[in-house]
Amino acid sequence: MPYSLSVNGQVHLVEDEAQTPLLWVLRDTLKMTGTKYGCGVGQCGACTVHVDGQPTRSCSLPLIAVAESEITTIEGMSGAETRAVQDAWVRHDVPQCGFCQSGQIMSAVALLRANPAPDDRDIDTSMSGNICRCGTYNRIRAAIRDAAQSLP
Ligand code: FES
């Protein structure tokens with residue numbers, strides 16, 4: 001039985017197994033490769049997507065658990081917070097290798113939507129689940145502060 005999956009406002013019928021992690025449905029079945037595989041066990045944040053607006057690790061979430069949810073991937077991000085984060089990321093030249101960045105941006109936008117004026121502690125707490133092997137944490141923090149200030 002196919003599952004009905006709403007991704008970035010579009011409904012897809014997918015025939016993957018119920019326990020297939022959402023990450024693989026997105027990447028392999030729907031060919032949305034902006035969401036990355038890092039650890040596969042919910043520890044690194046590279047696979048972060050929004051499920052009903054909440055930043056969520058898609059590598060450890062079975063398809064059956066999200067069949068009734070609205071999923072947003074990096075490909076479907078829009079709105080004031082997304083634009084602010086994208087612009088700040090460019091201004092601060094945040095990425096190094098870039099692999100973790102879609103997950104970082106998904107978490108950063110979720111933070112600003114929940115808290116438009118975060119202090120450093122808020123930023124560190126919200127971003128602590130997103131690991132960057134290049135160590136771009138200082139630039140990420142500065143870019144989020146900058147993005148917050150640029151929001152209306
Ligand atoms: Fe999902 Fe690392 S790949 S948290």
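**Entry 1: the end of α1**

I began at the end of α1 in this predicted model, where the helix is followed by lysine 31, a residue whose phi is positive, near 60 degrees. I noted this because most residues other than glycine have a negative phi. Lysine 31 itself lies in the loop between α1 (22-29) and β3 (48-51). Is lysine 31 buried or exposed? I found 7 C-beta neighbours inside 10 Å, and since a count of 12 or fewer is the cut-off for exposed, lysine 31 counts as exposed.

I then turned back to the helix and looked up its buried residues, which are Leu22, Leu23, Val25 and Leu26. Against which elements do the buried residues of α1 pack? They pack against β1 and β2.

I located it in the loop between β1 (3-7) and β2 (10-14). Around asparagine 8 I found 18 other C-beta atoms within 10 Å, which makes this residue partly exposed.

**Entry 2: proline 62**

Next I looked at proline 62, which is found in the loop between β4 and β5 (70-72). Proline 62 has 15 C-beta neighbours inside 10 Å and so counts as partly exposed. Which residues does proline 62 contact, leaving aside its neighbours within four places in sequence? I listed Ala18, Gln19, Thr20 and Pro21. I also checked glutamate 17, which is 45 residues apart from proline 62 along the chain, and the C-alpha atoms of these two residues are separated by 8.9 Å.

**Entry 3: two domains**

I wrote down that the protein chain is divided into domain 1 (3-72) and domain 2 (80-150), and that their C-alpha centres lie 21 Å apart. The contact between the domains takes 13 residues from domain 1 and 10 residues from domain 2. On the side of domain 1 that touches domain 2, β3 and β4 (54-57) each supply at least two residues, and β3 gives the most, with three residues.

**Entry 4: the largest nonpolar core**

I then looked up the largest nonpolar core, which has 37 residues, and saw that Val85, Ala108, Leu112, Ile144 and Ala147 touch the most other members. At least two residues of this core come from each of β1, α1, α2 (80-91), α3 (101-114), α4 (120-127) and α5 (137-150). Which element supplies the largest share of this core? The answer I found is α3, with six residues. The core draws at least three residues from each of domain 1 and domain 2. Beside this I noted that in soluble globular proteins, nonpolar side chains tend to be buried together.

**Entry 5: α3 against α5**

My last entry concerns a pair of helices, α3 and α5, which pack at an angle of about 40 degrees, with their axes 11 Å apart. Because of that angle, α3 is oblique to α5. The contact is made by Gln104, Ala108, Leu111 and Leu112 of α3 together with Ile140, Ile144, Ala147 and Ala148 of α5. I also recorded the handedness of this crossing, which is right-handed.

Methods: Residues are numbered from 1 along each chain as its sequence is written. This is a predicted model: local features need pLDDT of at least 70, side-chain atom pairs count only at pLDDT 80 or more; totals for chains, interfaces and linings use all residues. Helices (H or I, at least four residues) and strands (E, at least two) are DSSP runs, numbered from the N terminus. A residue is buried if 20 or more other C-beta atoms lie within 10 Å of its own, exposed if 12 or fewer, and partly exposed in between; C-beta atoms are placed from the backbone. A nonpolar core is a set of buried Ala, Val, Leu, Ile, Met, Phe, Trp, Tyr and Cys residues joined through C-beta atoms within 7 Å. Domain bounds come from an automatic or database domain assignment. Axes are lines fitted to C-alpha atoms, for helices over the stretch in contact, and angles run from 0 to 180 degrees between N-to-C directions. Angles under 35 degrees count as roughly parallel, over 145 as roughly antiparallel, 65 to 115 as roughly perpendicular and the rest as oblique. A crossing is left-handed if the near helix is turned anticlockwise from the far one by less than a right angle, and right-handed if clockwise. Two residues are in contact if their C-beta atoms, placed from the backbone, lie within 7 Å.
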